[in-house]
Amino acid sequence: MATDIAKVLKNKKQGDIVEVVVKDKTGNTVTRNVYLRNDPKGENLTDVIPSYTALGISTIQKVEPTLNSKLYMRRILFIILSLLLADSVALAQDTIQSKKSLAQNAEYFSKGIEYKYNEDYDAAIDFFELALTAFPQDHASMYELSALYILQDKIDEGFEMIKKAVELDSTNKWYKIRLATYHKQNRDYEAFISIYDELLEDDPNNLEYLEAYIDALLHIGDYERMIEKLDVYEENIGVNEYISLQKIVIYNLLEKKDEILNEIEKLSAAYPYNT
């Protein structure tokens, strides 16, 4: 055993790694990969292997040579660089494929628009669907398909398309308006109102949004919310004929004569030449 140890340590130097297989005091076999703390001298590992005593080693079973530490680190570095290179190649391939897909998507979308304006709706649908195949996150094609599906009485498909478009781009007001229209056609006025709440939050002085919102509230008979929204709009832009007339209609339904007179007085003060 002593000869084996001497043979292994013969060409080793400080910083090299050796594998030490030993038996501890309990008789269990223990394997350690350790750095040589000093240059080996003979067969004595006590000054060579760090924490030799602390490991509880009672008997040295054998010592096996491992890679030189520098060579070991070079191989580790080579493996890391290889992995990074593989990732870079894969990323480059994904980028090339992505550019091809986007180019195809743009071509198909352009064709879809062309056929739509030529009123060849079947062909337009085909190309917008191809555009989605090339780039599944193409919410613009989803928006176009949502309207074209309605023309073919595919209401459910159109509804799903515009829902996905809004999910992908929740800032697009045109997507939201079309989705709200679907809800209104299905008499889901609360969903319609919820979308117009968002639209009015982004553009609080938009009278068209307000009119659509008030009309939906009128359908469900929610007069209190109608008054609240009209009051907010009036605070933003001042007395307005539309707002006051809407309030008068609501107050008449609620038989609130004092409020009606108040709205008439406000209108008279704001538009004295029209009275």
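The questions below take up a helix pair, then salt bridges and accessibility.

Guide: This is a predicted model, in which local features need pLDDT of at least 70, side-chain atom pairs count only at pLDDT 80 or more, and totals for chains, interfaces and linings use all residues. Residues are numbered from 1 along each chain as its sequence is written, and side-chain values use heavy atoms, with hydrogens and water left out.

Visitor: How do you know how α5 and α6 are placed relative to each other?
Guide: The axes of α5 (residues 155-168) and α6 (residues 173-185) come within 9 Å and cross at roughly 145°. Axes are lines fitted to C-alpha atoms, for helices over the stretch in contact, with angles from 0 to 180 degrees between N-to-C directions. Helices are DSSP runs of H or I with at least four residues, numbered from the N terminus.

Visitor: Which residues make the contact between α5 and α6?
Guide: Contact means heavy atoms within 4.5 Å. In α5 the residues include Ile155, Phe159 and Ile162, and in α6 they include Tyr175, Leu179 and Tyr182. The contact residues divide into eight nonpolar, two polar and three charged. Here Ala, Val, Leu, Ile, Met, Phe, Trp, Tyr, Cys and Pro count as nonpolar, Asp, Glu, Lys and Arg as charged, and the others, Gly among them, as polar.

Visitor: Why is the pair Asp215 and Lys184 called a salt bridge?
Guide: The term requires a side-chain nitrogen of Lys or Arg within 4 Å of a carboxyl oxygen of Asp or Glu. The closest N and O atoms of Asp215 and Lys184 are 2.9 Å apart, so the pair qualifies. Asp215 lies in helix α8 (residues 207-220) and Lys184 in α6, 31 residues apart. The structure holds 12 salt bridges.

Visitor: What makes Asp231 and Lys247 a salt bridge?
Guide: Their N to O distance is 2.4 Å, so this pair also meets the definition. Asp231 is in helix α9 (residues 223-237) and Lys247 in helix α10 (residues 241-253), 16 residues apart. Salt bridges that share partners join Asp231, Glu234, Lys247, Glu263 and Lys266 into one network.

Visitor: Why is Lys247 called buried?
Guide: Buried means under 20% relative accessible area, exposed over 50%, and partly exposed in between (1.4 Å probe, protein chains only). Lys247 has 1% relative accessibility, so it counts as buried.

Visitor: What makes Asp231 buried, exposed or partly exposed?
Guide: Asp231 has 28% relative accessibility and therefore counts as partly exposed.

Conventions
Helix = DSSP H or I, 4+ residues; strand = E, 2+ residues; numbered from the N terminus.
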